[in-house]
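Please keep the sequence and the 3D view side by side while reading.

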Amino acid sequence: ALALVTQGDAISRALALLLLAMSIASWVVILWKGWLLRRAAGDVARGTAAFWQSASLDSATERVAAFDRCGLLRPMVAATGSQPAGTLAGAGTRSQQLTRTLRDALHRGLRRLQAGQVLLATVGSTAPFVGLLGTVWGIYHALTAIGIAGQVSIDKVAGPVGEALVMTAAGLAVAIPAVLAYNGFGRSIARIEVELEGFARDLRELACGPVTD
């Protein structure tokens, strides 16, 4: 791969640098999201347990704030407060107000958890094709140089072609971790989402009575 970058033209170098940038970006996201989702899962489990073990809503809010380092539960608990009178946010019944505020708080939390998923999906789906393009271009560039030199033999062709094929392997090496991480994180986000939705429903029932719709 190093020989392909040093001996290739501007397009070969650009494709190699693109794969390197995609790899660095995906690994940064993988490490960050792995830490974030592990912390979020623990925060949600401990925060919800602390909430229901509290004697009042005020004490529950304080206990949740102590555990909710990722800020997923606090906005939902705060959403149970009264809305400003004379505004559309305060219009409708108490149940309707809670539905809106809890839905908005839930969606904000999920957007935070899903950050970086688009990048992983993009890297996982495009990196193999970038590597394949680098291979095709490298083979074309090598065969053109051999044709100009006028020396065609197996040893003259095998070296440059083999170096070009490394780009395909590099594309797969970049894509596979991104795809695995995307799928794994997706499952983790789905589990946390179920817990948050259940907590939101319980909060609504607590404030307004059982949900009938």
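With which residue does Arg46 form a salt bridge? The model shown here is a predicted one, and in it the partner of Arg46 is Asp43, with the closest N and O atoms 3.5 Å apart. Side chains of opposite charge can pair when their charged atoms come close. Both residues lie in helix H2, which covers residues 10-52, and because they are three residues apart there, about one helical turn separates them. Arg46 is partly exposed, at 40% relative accessibility, whereas Asp43 is buried, with a relative accessible area of 0%.

Asp43 also forms a salt bridge with Arg69, where the closest N and O atoms are 3.0 Å apart. This pair links distant parts of the chain, since Asp43 belongs to helix H2 while Arg69 sits 26 residues away, in the loop between helix H3 (57-67) and helix H4 (74-78). Arg69 is partly exposed, its relative accessible area being 44%.

A search of the whole structure finds three salt bridges, and they are set out here.

| Salt bridge | N to O distance |
|---|---|
| Arg46 and Asp43 | 3.5 Å |
| Asp43 and Arg69 | 3.0 Å |
| Arg201 and Glu205 | 3.8 Å |

The pair of Arg201 and Glu205 lies in helix H7 (residues 154-208), where the two are four residues apart and therefore separated by about one helical turn. Arg201 counts as partly exposed at 43% relative accessibility, and Glu205 is partly exposed as well, with a relative accessible area of 31%. Shared partners, in turn, join Asp43, Arg46 and Arg69 into one network of salt bridges.

Methods: Residues are numbered from 1 along each chain as its sequence is written. This is a predicted model: local features need pLDDT of at least 70, side-chain atom pairs count only at pLDDT 80 or more; totals for chains, interfaces and linings use all residues. Side-chain values use heavy atoms; hydrogens and water are left out. A salt bridge is a side-chain nitrogen of Lys or Arg within 4 Å of a carboxyl oxygen of Asp or Glu. Buried means under 20% relative accessible area, exposed over 50%, partly exposed in between (1.4 Å probe, protein chains only).
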